[in-house]
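Me: Please take a close look at one part of this structure and describe its surroundings in detail. Then set that part against the rest of the chain in a connected account.

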Amino acid sequence: MIESLPTLDDVQFDKKFVLMRVDINAPIVNSKILDTTRFESHIPTIEELAETKLVILAHQSRPGRKDFTSLESHANIFSRLLGKRVEYIDEIFSKRVIERIKSMELGDIILLENVRFYSEEQLIRTPEEHSQSHLVRRLKGCFDLFVYDAFSASHRKHASIVGFVPVLPSVVGRLVEKEIEALNQAIRSEGRKLFILGGAKIKDSVKVMKNVLRKNIADKVLLTGLVANYFLMLSGIRIGKTNEKIVEDNKEDVNDKEMKKLLEDYREKIELPIDFGIDRDGVRVDVPVDKIDEDRILDIGIETVNRFSNLIPEFDIVVINGPAGVFEDGRFALGTYEVLKAVTKAEFSVVGGGHIASATRLFGFAKKVSHISTAGGACIRYLSGEKLTALETIKEYWEKKWKQ
């Protein structure tokens with residue numbers, strides 16, 4: 001058990017009917033799944049449930065998007081990774097599905113259809129309300145246990161995420177356990193802590209900054225990406241109308257007055273770039289902060305790279321979320337590459353989900369960091385000190401209903 005959160009260690013599951021929620025939402029182009037990282041992250045939990053009758057629920061994208069599709073290809077990938085057949089059924093809670101579940105033998109694995117094909121899935125309801133949905137009422141009688149392993153969806157209040165918790169004994173899987181333990185180690189253990197925040201989502205970085213600075217978790221915060229540009233603007237530095245407009249377009253729900261005060265209160269802990277890499281006539285040029293004209297900022301500059309790279313190894317624990325620049329363009333990959341390279345020297349390192357996780361794998365650093373999160377939003381929320389709906393619901397019902 002971790003923090004009163006029940007795990008597989010707290011229940012008997014062999015020979016039982018088990019329903020498991022995973023997150024295998026993946027990038028798809030021309031009907032081809034491009035990244036199987038999330039699939040791989042669930043394999044330890046699935047393999048541990050080898051002596052059960054296992055049914056898996058998952059989603060892919062959302063209505064209206066090009067990659068909103070069935071899970072047939074997902075079942076094929078699971079089959080390949082597990083070395084055994086994962087049966088795909090193109091329905092969720094039909095009579096056919098229920099009959100097939102009842103006829104399962106030990107070791108069978110079934111992946112049901114994309115839960116977001118079902119209209120009630122994404123309604124924002126309480127767990128009790130979701131427990132009365134068609135999905136839950138139709139399936140709950142088939143199972144002895146609900147295993148929640150979709151850490152990256154833990155901040156959502158959807159039917160397949162929280163709806164089974166009031167009506168079935170519910171625990172978290174090994175992926176959720178691994179994520180929580182790594183993030184807890186990053187923010188709670190002894191040692192000097194550094195947070196490197198970048199990327200395009202200013203709001204996310206600001207949430208983490210407020211938590212780790214005000215609670216005295218971080219000894220230092222390095223800023224890159226748009227959040228660095230934003231705080232430079234708050235410092236009174238002009239970075240050109242082009243870059244200023246990009247910042248303004250991406251700072252939804254961020255309070256300038258509050259952030260200016262945060263910068264003033266913790267200025268000695270916050271490190272900002274001193275130069276940038278820009279595109280000038282198709283060529284990368286590195287210029288000091290005070291020399292930015294109307295050129296678009298695409299990376300931190302070489303002086304900043306050197307400064308940050310020398311600073312990072314001084315810390316015991318390093319958390320990085322968001323790339324330093326447009327690393328997909330080789331001309332502007334330097335900042336992200338060198339910062340990540342320095343992160344690998346830390347005693348304990350956590351890489352957030354999303355683009356920075358992709359960059360870590362692209363540059364060959366995946367095995368050199370301590371933990372790469374599978375989550376973007378959920379990871380940010382946890383580092384920001386927010387509660388994650390799915391995990392809080394499991395804790396609540398375990399204590400009042402399922403704990404033995």
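**A helical residue and its setting**

Reply: Leaving out residues within four places in sequence, Thr-336 makes contact with Asp-299, Pro-323, Ala-324, Gly-325, Phe-327, Ile-356, Ala-359 and Phe-363. The model is a predicted one, and this applies to everything that follows. Thr-336 belongs to helix 13, which covers residues 334–343. Its relative accessibility is 1%, and because burial is assigned under 20%, Thr-336 counts as buried.

Not counting residues up to four places away in sequence, Gly-107 touches Ala-50, Thr-52 and Lys-84.

The strand that follows this loop takes part in an open sheet. That sheet has six strands, ordered 5-6-4-1-7-8, and its pairing is parallel. Strand 5 (87–88) and strand 8 (170–172) stand at the edges with a single partner strand each, so one side of each has no neighbour in the sheet. Within the sheet, strand 4 (residues 53–57) and strand 6 (residues 109–111) run parallel and are joined by three bridges. In this pairing, Ile-56 of strand 4 is placed opposite Leu-111 in strand 6. In general, the strands of a sheet pair through backbone hydrogen bonds, either parallel or antiparallel.

Helix 2 (residues 72–82) lies across strand 4, strand 5 and strand 6, and it runs at about 150° to strand 6. Its buried residues are His-74, Ala-75, Ile-77, Phe-78, Ser-79 and Leu-82. An α-helix has 3.6 residues a turn, so residues three or four places apart point the same way. The buried residues of helix 2 pack against strand 4, strand 5 and strand 6, and also against strand 2 (28–29), strand 3 (32–33) and helix 1. Gly-83 follows helix 2 and has a positive phi, near 70°.

Between strand 2 and strand 3, two of the elements against which helix 2 packs, there is a loop that contains Asn-30. Asn-30 is not a glycine, yet its phi is positive, about 55°. With a relative accessible area of 75%, Asn-30 is over the 50% limit and is therefore exposed.

A further open sheet is also built from six strands, in the order 11-10-9-15-16-17, with parallel pairing. Its edge strands are strand 11 (270–271) and strand 17, each of which pairs on one side only. Strand 9 (residues 193–197) and strand 10 (residues 220–223) run parallel and are joined by four bridges. Leu-194 is positioned opposite Lys-220 of strand 10. Helix 8 (residues 202–214) lies across strand 9, strand 10 and strand 11, running at about 165° to strand 9.

An antiparallel pair is formed by strand 12 (residues 275–280) and strand 13 (residues 283–288), which are joined by six bridges. Asp-279 stands opposite Arg-284 in strand 13. The C-alpha atom of Asp-279 is separated by 56 Å from that of Gly-107, and the two residues are 172 places apart along the chain. Strand 12 and strand 13 form a hairpin with two residues between the strands, and there Asp-281 takes a positive phi near 60°. Asp-281 is not a glycine, although its phi is positive. Its position is in the loop between strand 12 and strand 13. The relative accessible area of Asp-281 is 78%, over the 50% limit, so this residue is exposed.

The second largest pocket draws on several of the elements already described. Its volume is about 370 Å³. Sixteen residues line this pocket, and those nearest its centre are Thr-37, Ser-41, Lys-178, Arg-361 and Ile-372. Helix 1 (37–48), helix 7 (174–188) and strand 17 (371–372) are the elements that give two or more residues to the lining. By class, the lining has six charged, five polar and five nonpolar residues. Of these elements, helix 1 is also packed against by the buried residues of helix 2, while strand 17 is an edge strand of its sheet.

Note on methods
Residues are numbered from 1 along each chain as its sequence is written. This is a predicted model: local features need pLDDT of at least 70, side-chain atom pairs count only at pLDDT 80 or more; totals for chains, interfaces and linings use all residues. Side-chain values use heavy atoms; hydrogens and water are left out. On a 1 Å grid over the protein atoms alone, a cavity is a set of points where a 1.4 Å probe fits but cannot get out, and a pocket is an open set with protein on both sides within 12 Å along at least five of seven lines; lining residues have an atom within 4 Å of a point. Grid points are joined across faces, edges and corners, and a volume is the space filled by probe spheres set on the points. Ala, Val, Leu, Ile, Met, Phe, Trp, Tyr, Cys and Pro count as nonpolar, Asp, Glu, Lys and Arg as charged, and the others, Gly among them, as polar. Two strands pair if DSSP finds at least two bridges between them. Contact means heavy atoms within 4.5 Å. Axes are lines fitted to C-alpha atoms, for helices over the stretch in contact, and angles run from 0 to 180 degrees between N-to-C directions. Buried means under 20% relative accessible area, exposed over 50%, partly exposed in between (1.4 Å probe, protein chains only).
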